[in-house]
Amino acid sequence: MKILVIKFRHIGDVLLSTPLVDNLKNCYPNSIIDFIVNKECTDMLSYNPNINQIIEYDRSSIKKMGLFSKFLEEIKFLCNIRKKYDLVINLTEGERGALISYFSQAKLKLGFPVRKGIFSKINIFDITADDKKIQHTIEKDLQFITLLGKKINKTKVSIYWTDETDGDVDKILKENDINEYIHIHPVSRWMFKCWEDDRMARIIDYFIQDKKIKVVITGAPLQHEQDRIEKILSHCQTKPLNLSGKLTLKHLACLSSRAKLFFGVDSAPAHIAAATNTPTCILFGASEASKWGGWDNNGNNLYLNSGIQENGRHLVFAEEDHTIIYKDGIKKCQGMLNISADSVIQKLNEKL
């Protein structure tokens, strides 16, 4: 059986689809599984032994093309997947995944109802899953195993890297005389998800001064993230190791796997850290912990509400008020403002 999985989402979302892939391979041991993702998400799936081919959709390059070139590129992409698959599973509610599913002409097509556009009026899928129920993103994707009449066997999120990546991280830690450390990724691609700079700085100082443990900071190689991290560090009394903009996603995953604890806001690196079985402490003031809370690979997962909660090895600070506000012209979320540094430090003292 040839299976195609489609997920046009961001980095963390794609990583959280790996339990579905593992279950598909378990249910259909002789299957060949291909996966379509946006190009920037490839590192979340590469080296996965259950995936035959990662098909990249280079969205940013295609958007820059002229109208005719763009049309030809889209047609070429569709032709490459046409009549090749027995089963297609589309994990998003957007039109692009529905379009690919439709043109694949697969014998069996599963997906979520398309929310808008022409494909919302066409019966694309043979079987549709529930996208309304409030559940964790992993559980949402795993619906398809049950809909196929199979039993869910695994719920582990997996990410893989090479020995070379291990060696690179070993070298970085050795050069900076670091053994035990806390990994802090203080920013998100969506800046309104970030905590106040002075509060994040206080947590960095807390680990270094009070707990006598080193801190390693990471961030994406994007100017707005680099600038935000510099502002945070300007509030610090201590000097953590700042590796922001210097690591690939694979290096970041490897670094997380060695840490005593990951601390940060809801972001792809938070999900990556949880996937490596490192305990996480994640702040949810702009997104729903019930859908995105740190996933415990040991299977000790609970339904997460608001408040301070433990989910297996992971600690979650969740606020319900996701109202967007503007302070001095800067977009923020009320929920993040509601989380105090004192409450976080108090719980960390108990946890550590």
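## About the model

The model is predicted: local features need pLDDT of at least 70, side-chain atom pairs count only at pLDDT 80 or more, and totals for chains, interfaces and linings use all residues. Residues are numbered from 1 along each chain as its sequence is written, and side-chain values use heavy atoms, leaving out hydrogens and water.

Helices (H or I, at least four residues) and strands (E, at least two) are DSSP runs, numbered from the N terminus.

## Helices H2 and H6

Let's start with H2 (residues 18-27) and H6 (residues 137-147), which pack at an angle of about 20° with their axes 9 Å apart. Here axes are lines fitted to C-alpha atoms, for helices over the stretch in contact, and angles run from 0 to 180 degrees between N-to-C directions. The angle makes H2 roughly parallel to H6 (under 35 degrees; over 145 is roughly antiparallel, 65 to 115 roughly perpendicular and the rest oblique).

From H2, Pro19, Leu20, Asn23, Leu24 and Cys27 make the contact with Ile138, Asp141, Leu142, Phe144 and Ile145 of H6, where contact means heavy atoms within 4.5 Å. These residues comprise eight nonpolar, one polar and one charged (Ala, Val, Leu, Ile, Met, Phe, Trp, Tyr, Cys and Pro count as nonpolar, Asp, Glu, Lys and Arg as charged, and the others, Gly among them, as polar).

## Helices H8 and H9

Next come H8 (residues 197-210) and H9 (residues 223-234), with an angle of about 60° and axes 8 Å apart. This crossing is right-handed. On the H8 side are Asp197, Met200, Ala201 and Ile204, meeting Arg228, Lys231, Ile232 and Leu233 of H9. The contact has five nonpolar, no polar and three charged residues.

## The buried side of H5

Within H5, the buried residues are Gly97, Ala98, Ile100, Ser101 and Ser104 (under 20% relative accessible area; exposed is over 50%, partly exposed in between, with a 1.4 Å probe and protein chains only). They lie on the same side of H5 because their arc around the axis is only 160°, taken from the directions from the helix axis to the C-beta atoms. Their packing partners are strands E1 (2-7), E2 (32-38), E4 (87-90) and E5, together with helix H4 (67-79).

## Glutamine 105

Glutamine 105 follows H5 and has a positive phi, near 55°. This residue sits in the loop between H5 (95-104) and strand E5 (108-111), and is partly exposed, with a relative accessible area of 41%.

Not counting residues up to four places away in sequence, glutamine 105 touches Arg82 and Lys83. Its C-alpha atom is separated by 7.8 Å from that of tyrosine 85, 20 residues apart along the chain.

How values were computed:
Left-handed = near helix turned anticlockwise from the far one by under 90°.
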